[in-house]
Amino acid sequence: MTNLRPSPSTVPALLALLAAATLALLALRPAADAYAQARPSGAPGTVVSAAPLRRGLWLPNTTSRAFKLRYVTTDARGRRALSTGTLFLPKGRAPRGGWPVVSWAHGTSGLADKCAPSIVGPALPMRDRPYLANWMRDGYAIVASDYAGLGTPGLPAYLNGRSEAHNVVDIVKAGRAYARGHLAVGSRLARKWVVIGQSQGGGAAIYTARYATAFGGRGLDYRGAVGTGVPAYIEIPVNALAPGFPQVSPPTVVYFSYILASLRSVYPNLKIDGALTATGRRYLRLAETTCGTPFEHEAEGARVGDFFKKRLNLLPGFTATVKRYMAMPEKGFDKPFFMGHGFRDTDVPYTVTLPYVQRLRANRQPLTFKTYDADHSGTFLQSQADTHPFVRTLFAGG
């Protein structure tokens, strides 16, 4: 057997290698420690920090005060995580018991921290800001989660309804806790609340509707939900992604890229990169760093079929994982909820969501469904004639 004992002349070299390796490990520790610090031990809804929201992000002509909150929530793996979000208070004095609360679930903005609405506002400000201001005029405070990972360590779990539902519920807890601990009685928030969302946020709102009572616990009084442009059964086309996949619009290229980047982050064991071409890897890198509208420009002319060198559903566990990650709940809703969809919606086609509506109806869920002769944004705006009376009814009776 060969003698493996190092000679005196080799000891300094080994020590130098050991020192270099130690320094390399130490260089990696700040990122690991920072991520560990994002695993707080507080209960969901605990406020970690708060600061006034810069006035440029206030909702127009309706906001009396606004704050950015950093709070404890739950991520896609069921672990404690941090999220940021905003609290908007309407003008005037709250009614007895506090302002009733709208928890706003925002649409697609991106995965990078710089895309967080609490940093830059909504992705479509000319559409969303007046829309939210209309709810403030009706006498509701608004809380709005950025979603865990968007403005906090890690990537957000894009279209993972369960994580988004936790984030949406926990910002209500955080907003109430902050107002109770730091604001005058006339600025407090009530226990009663609803969730409202559009597009990605529409899916988050309806998923939240299924679990809001359980996630909120006895401290909250969940009343119902509104979701417009709700994406459903998206796991079906994701499971079909493969070389030669049909050409889709730039927004759809963006959506697929965000989905895959998030799946790769949450489930590294899927080894999604093993099915990607160099083009696919490039677009997933862009997904991690580029916000929605600029990314759409980057996606002009891109072909999703060029992203793959083999079918994604050939990856071990892919189909089951994607279903668990993305599938929308079909029963178990305990409060009324509203869904609106446009016949001319190309972002989330009506034919994609209609089967989900039919399933909900077959399962006798408390759904009100309305259709509109409009596109994705048009439906969002036109639906206000129906959603405002719907929400007023939800809040009636105490």
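Colleague: With 398 residues, what radius of gyration would a compact globule have, and what does the chain have? After that, please zoom in on Ser103: where is it found, and which residues does it touch?

Modeller: Happy to! First, some ground rules: this is a predicted model, in which local features need pLDDT of at least 70 and side-chain atom pairs count only at 80 or more, while totals for chains, interfaces and linings use all residues. Residues are numbered from 1 along each chain as its sequence is written, and side-chain values use heavy atoms, with hydrogens and water left out.

Now your first question. A compact globule of 398 residues would have a radius of gyration near 21 Å, and the chain has 23 Å, which agrees. That radius is taken over C-alpha atoms, and the globule rule is 2.2 Å times the number of residues to the power 0.38. Along its principal axes, the C-alpha trace spans about 85 × 50 × 35 Å.

The chain has 13 helices and nine strands; these are DSSP runs numbered from the N terminus, with helices (H or I) of at least four residues and strands (E) of at least two. Among contacts with a separation of 6 or more, 79% join residues 24 or more positions apart, where contact means heavy atoms within 4.5 Å. As for burial, 53% of the 398 residues count as buried: that is under 20% relative accessible area, with exposed over 50% and partly exposed in between (1.4 Å probe, protein chains only).

How far can you trust the model? The predictor's confidence in each residue, pLDDT, runs from 0 to 100. Its mean for the chain is 91, and 90% of the residues reach 70 or more. Do take care with residues 1-38, though: pLDDT stays under 50 there, and the model has ten contacts for them beyond four places in sequence.

Now let's zoom in on Ser103. This residue is found in strand S4, which covers residues 99-105. Ser103 is buried, and its relative accessible area is 0%. Leaving aside residues up to four places away in sequence, Ser103 touches Val143, Val168, Ile171, Val172, Trp193, Val194, Val195 and Ile196.

For contrast, let's visit some other spots. Lys323 sits in helix H10, residues 318-326, and counts as exposed because its relative accessible area is 56%. Arg218 and Arg264 are 46 residues apart in sequence, yet 36 Å apart in space, C-alpha to C-alpha.

Tyr147 is not a glycine, but has a positive phi of about 85°. You can find Tyr147 in the loop between strand S5 (141-145) and helix H4 (161-182), where Tyr147 is buried, at 3% relative accessible area. Arg364, also not a glycine, has a positive phi of about 60°. Its loop runs between helix H11 (350-362) and strand S9 (367-372), and Arg364 is exposed, with a relative accessible area of 77%.
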